[in-house]
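Please examine the sequence and the structure shown below.

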Amino acid sequence: MGRSSKDKRDIYYRLAKEEGWRARSAFKLLQLDQEFNLFTGVNRAVDLCAAPGSWSQVLSREAGEEVKIVAVDLQAMAPLPGVTQIQGDITKVSTAEEIIRHFEGQPADLVVCDGAPDVTGLHDVDEYIQAQLLLAALNITTHVLKPGGTFVAKIFRGKDVTLLYSQLKVFFSGVTCAKPRSSRNSSIEAFVVCQNYSPPEGYIPNMSNPLLDHSYDVDFNQLEGPNRVIVPFLACGDLSAFDSDKTYPLQLDAGKEYQYTPPIQPPIRPPYQEACHLRKNNLLSKEDTPSVCPKQSRDKKKV
Ligand code: SAM
């Protein structure tokens, strides 16, 4: 896809650059906030899996200047005013400890997570890894969130989604699955908005991950009655908002040519950087190999 064709096709991608957001995902958090009023009364917020940083931008612009924000990502992120960054892994307890240190021992009011693993294109694998990341986010959240606090995270509505809802319901009295207008209908992505953090009595936060426990052999989608967890689904974002699956024409003043706007903050050292370098320098091609192996060629000569 050419540089400007993505602009023409994706209205939120274009708007993000025009409005100064580092990624189009900013609109997803803005639209979730419109529906759930996420930022009211928030003094400490954590942005898990934050790079390149558009959700941290939303937090710092919308939640007020006083709010302390900690952003965590495996990748380095360009600095953002008012945001403390931790380059770290959300599956590590040391990361939770570092977050708490930045808040001087105080718990967070809000934890958001837009985490996504590198997609493989194999749907079952991608869904599984996304579920693991969501559970990792939930685990670290149990270390840092105050009782009554809110957790928002990306979820793939795949076949094990009921299991995820069940696990979230253990910790939050309110769990809603929300789909902002800026999240494409064609994508199984949605967001869980988990309100009123209330862990079971005696629960001690830990980093164990129940989905890795293979003693589960229950089909959670077959559970019935009170054992089946059904969470409400909410399409959110003002209906007048742009439809992310639609293509909108560029709005140009008469006689003006389209000017391409570069991204606000491209990722620094993204994982694909090395592959791009190798490709550009033609280093990806294999060494010249004979079309037949030496033994075969010897045999051929014998014939
Ligand atoms: N919310 C971000 C924004 O608006 O700019 C975009 C997040 S991007 C879709 C997903 C991020 O998840 C990537 O930057 C990736 O490095 C991060 N990530 C994936 N696994 C992680 C982990 N275990 N710990 C920390 N970050 C992780």
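Strand β4 (residues 108-113) runs parallel to strand β5 (residues 145-156), and five bridges join them; strands are DSSP runs (E, at least two residues) and helices likewise (H or I, at least four), numbered from the N terminus. L110 has T150 of β5 as its bridge partner. This is a predicted model, in which local features need pLDDT of at least 70 and side-chain atom pairs count only at pLDDT 80 or more, while totals for chains, interfaces and linings use all residues. Residues are numbered from 1 along each chain as its sequence is written.

What is the order of the eight strands in the open sheet? The order is β3-β2-β1-β4-β5-β7-β6-β8, with mixed pairing; two strands pair if DSSP finds at least two bridges between them. β3 (83-87) and β8 (233-236) each have a single partner strand, so one side of each lacks a neighbour in the sheet.

A further topic is the packing of two helices. The axes of α3 (residues 26-36) and α4 come within 8 Å and cross at roughly 40 degrees; axes are lines fitted to C-alpha atoms, for helices over the stretch in contact, and angles run from 0 to 180 degrees between N-to-C directions. A26, L29, L30 and D33 of α3 make the contact with S54, W55, Q57, V58 and E62 of α4, where contact requires C-beta atoms, placed from the backbone, within 7 Å.

Terms used
Two residues are in contact if their C-beta atoms, placed from the backbone, lie within 7 Å.
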